[in-house]
Amino acid sequence: MAKYFVKKNRCLLILLLLGVVSNAFADDGYKLWLGYNKIANRAAVAVYKQQLKYMIFPAESDQLKAAKAELTKGLEGMLSMHLADTKTIAGGQTIIIGTPQSLKGLAVVVADSVGSEGYLIKTALINQKKCILITANTDVGVLYGVFNFLKLLQTRQPINNLSITDRPRITYRVLDHWDNLNRTVERGYAGSSIWNWHKLPGIIDQRYIDYARANASVGINGSVINNVNADALILSPQYLIKIQALANVFRAYGIKIYLSVKFSSPVELGHLKTADPLNDDVKKWWADKADEIYRYIPDFGGFLVKANSEGQPGPQTYGRSHADGANMLADAMAPHHGIVMWRAFVYDNNVPDDRSKQAYNEFKPFDGKFKDNVIIQVKNGPIDFQPREPFHPLFGAMPNTALMMEFQLTQEYLGFSTHLVYEASLFAETLQSDTYTQGKGSTVSRILQGNFNKKLITGMAGVANIGTDLNWCGHPFAQANWYAFGRIAWNPDRSPAAIADDWLKMTFTNDAGFVSPVKKIMLQSRENTVNYMTPLGLHHIMGVSTHYGPGPWVDNAGRPDWNATYYHKADSAGIGFNRTGTGSNALSQYAPQVQSHWENLQTCPDEYLLWFHHLSWTYKMRSGKSLWDEMVHHYYMGADSVKQMGLTWDKMQGKVDAERFALVQQLMKVQLTEATTWRDACVLYFQAFSKMRVGAVYPKPEHPLSYYKEMKFYYVPGIGGNNYMTN
């Protein structure tokens with residue numbers, strides 16, 4: 001391996017060792033999209049400097065101090081300038097920042113419609129002098145406004161005539177960390193947990209501060225810092241004092257801490273005989289525990305709960321309902337204005353029904369029966385974060401219950417941290433799906449924003465892809481998924497293309513010769529991955545336990561709904577899961593318009609064909625090909641697209657820093673190898689059922705099927721606790 005590295009990267013290695021590659025053109029990715037790289041265009045620098053010279057920015061609160069420090073850092077990095085503090089307005093060269101309360105005497109007004117987190121950035125006449133104004137109703141709104149102003153400079157936007165009003169459409173915008181107390185990360189592919197519990201509370205790592213900065217820059221306002229497969233110890237005083245230290249860091253950046261809690265904590269930690277949610281002693285234990293937490297952390301956000309799923313304890317253990325369990329915890333949170341995020345990811349192999357139906361069946365009957373401070377956290381699709389799934393049928397099915405979207409940033413089923421997969425396309429596909437539950441146009445996005453029931457709280461969660469790797473996410477482009485989640489949680493209707501454009505310019509360069517072709521790569525990357533992994537609606541055919549690599553042959557995972565064969569149902573007659581009225585009838589959980597669209601083979605999109613239908617290998621597709629030939633085409637097209645991505649990236653040499661260029665180049669070669677493995681393994685396996693030929697135009701697999709079946713992957717990252725857990 002060492003010889004290979006030296007051979008492939010000899011020139012770069014020598015340059016780095018000799019120090020020829022300057023620090024200005026080297027980047028390990030740690031700074032994310034907040035590198036504030038010096039603007040090379042002298043004309044642009046001159047224009048910005050002409051418009052920015054003085055600053056009126058009284059900053060007494062921690063949040064305003066954080067905003068002022070960020071502005072200073074950004075301007076010094078990009079423009080090599082430091083604004084002079086002043087109390088009077090110098091026409092045309094003054095930027096005024098603050099709330100109406102902090103900017104006393106300047107007659108600044110912010111409309112109530114901006115809300116508690118929104119902001120204004122505008123060119124304004126104040127005291128008869130033209131200036132730039134960044135203002136908001138609250139300090140955190142100002143912080144968001146400052147980050148957005150810096151983004152304008154990072155993306156080289158004009159600032160001479162500004163008129164920007166923005167506010168979040170979703171209230172709770174939360175990262176969910178699946179981090180364990182021993183610092184392993186379940187389904188984590190970027191190193192260990194960033195929370196160094198042993199050294200807390202005494203040592204505050206700079207990474208905690210930079211983590212908070214990064215989240216605030218994209219509008220994320222909450223962090224669940226521990227695994228949903230929770231350890232009751234997280235609620236002990238020994239850990240609460242450590243969590244308090246993190247909360248003190250996050251508060252300056254408008255971020256609240258949340259905790260995943262184990263439902264059996266009253267038994268494990270409180271030594272009660274039961275965790276029955278209707279038991280008075282249990283109710284009191286949770287109420288007392290909530291009081292204790294809030295003494296440590298006055299702005300604590302609330303609890304996240306995984307209950308009665310994959311072996312986790314819950315209210316059903318005691319014959320109670322999800323509503324009973326969630327409402328009991330909600331009562332404990334209510335005096336402190338905290339919330340309960342109750343996960344709808346539930347399935348039971350003892351239930352003789354299609355796994356995709358179980359969450360709907362368990363939660364739909366309790367619509368309207370949850371407390372106002374309970375929000376049901378629903379995965380984007382009905383199985384489990386697959387490369388492609390139809391939207392979850394619960395969206396729109398519970399009009400009187402607050403629902404919270406759960407996306408997965410960590411690429412559990414999308415190639416871990418070795419594959420370039422831009423997930424904003426996946427997010428948008430789900431969010432713009434029309435549920436028809438409130439008539440045409442009742443998209444998942446509008447439901448999440450509370451457009452059809454203004455009384456409901458709103459939220460969106462993203463399972464974090466963050467670890468101790470120098471670049472946070474393992475793959476430089478995986479950072480884009482963290483960034484995109486924040487942007488889409490702020491505004492679910494934001495375009496993936498616009499987000500990618502901003503991220504590339506902020507993270508790498510504004511060079512159009514780089515941004516345009518690489519943005520095309522990003523926008524195509526998720527579809528490429530679907531093609532070489534699970535085309536035409538296939539799903540859950542990855543390797544068992546690790547979820548690494550292909551495993552369509554898996555049929556001995558210990559329970560039917562963990563087996564790949566349960567989902568693709570390939571046989572000599574055909575392939576696919578029949579979820580129509582003649583099959584599991586999962587389609588009945590959707591609105592009639594959606595049901596009829598997907599049930600009818602004439603209108604069902606190819607993307608979901610095998611999700612809802614079991615079809616003959618010779619079924620004629622819209623392309624005119626047989627199903628078999630179409631499937632083979634997608635598998636080969638997917639792997640070939642990865643090759644094309646790599647060729648495009650090769651042309652970017654010299655346009656970005658050598659360090660990240662070389663890393664991405666190597667990762668793309670790894671991705672091509674793994675995409676080819678997926679392609680060959682799946683085509684060979686399914687060919688054993690179809691008995692049909694693969695076209696001569698396609699290269700033959702390098703190995704026989706037996707080779708792929710016998711592949712072993714030891715110590716794959718992201719496995720912790722129960723090896724079969726999917727979270």
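## Close-up views of a predicted model

**View 1. Strand 14 has buried residues on both of its sides.** In strand 14, Gly459, Ala461 and Val463 point one way, Met460 and Gly462 point the other way, and all are buried. This is a predicted model. In a regular strand, side chains alternate between the two faces of the sheet. Strand 14 covers residues 459-463, and five of the five are buried, so the strand is largely enclosed by the rest of the structure.

**View 2. Strand 14 pairs with strand 7 and with strand 13.** Strand 7 (residues 172-176) runs parallel to strand 14, and five bridges join the two. Here leucine 175 has glycine 462 as its bridge partner. Strand 13 (residues 403-408) also runs parallel to strand 14, again with five bridges. In this pairing, methionine 405 stands opposite methionine 460.

View 3. Look at strand 10 (residues 302-305) and strand 11 (residues 339-343): they run parallel and are joined by four bridges. Leucine 304 stands opposite methionine 341 of strand 11.

**View 4. Helix 9 has a capped end and buried residues.** Which residue caps the N-terminal end of helix 9? It is asparagine 279, with a side-chain oxygen 2.8 Å from the backbone nitrogen of aspartate 281. Helix 9 has 17 residues (280-296) and should span 24 Å at 1.5 Å a residue; its end C-alpha atoms are 25 Å apart, which agrees. The buried residues of helix 9 are Val282, Trp285, Trp286, Lys289, Ala290, Glu292, Ile293 and Tyr294. An α-helix has 3.6 residues a turn, so residues three or four places apart point the same way. What covers these buried residues includes helix 7, strand 9, helix 8, strand 10 and helix 10.

**View 5. Strand 4 pairs with strand 5 and with strand 6.** Strand 4 (residues 119-126) pairs with strand 5 (residues 129-135) in the antiparallel sense, over seven bridges. Isoleucine 126 stands opposite lysine 129. The hairpin of strands 4 and 5 has two residues between the strands, and asparagine 127 takes a positive phi near 55°. Strand 4 also pairs with strand 6 (residues 163-166), in the antiparallel sense over four bridges. There, lysine 122 stands opposite serine 163.

**View 6. Phenylalanine 149 belongs to the largest nonpolar core.** This core has 218 residues. Leu52, Phe149, Trp482 and Phe686 touch the most other members. Helix 21 (residues 658-690) gives the largest share, 11 residues. Leaving aside neighbours within four places in sequence, phenylalanine 149 is in contact with Leu52, Leu71, Ile95, Ile121, Ile132, Ile134, Ile159 and Leu162. A second, separate core has 10 residues, among them Ile56, Ile96, Ala124 and Leu133.

**View 7. Leucine 64 sits in helix 4.** Helix 4 covers residues 62-79. Is leucine 64 buried or exposed? Its relative accessibility is 3%, so leucine 64 counts as buried; the cut-off is under 20%. Leucine 64 and aspartate 139 are 75 residues apart in sequence, but 5.9 Å apart in space, C-alpha to C-alpha. Beyond its neighbours within four places in sequence, leucine 64 is in contact with Phe57, Pro58, Ala59, Ser102, Asp139 and Val142.

Notes:
Residues numbered from 1 in each chain as written. Predicted model: local features only at pLDDT ≥ 70, side-chain atom pairs only at ≥ 80, totals over all residues. Heavy atoms only, no water. Pairing = 2+ DSSP bridges. Expected span 1.5 Å × (residues − 1). Buried < 20%, exposed > 50% of the residue type's maximum accessible area, 1.4 Å probe, protein only. Contact = heavy atoms within 4.5 Å. Polar contact = N/O pair within 3.5 Å; in protein donor to acceptor, adjacent residues only side chain to side chain. Core = buried A, V, L, I, M, F, W, Y, C linked by side-chain atoms within 4.5 Å.
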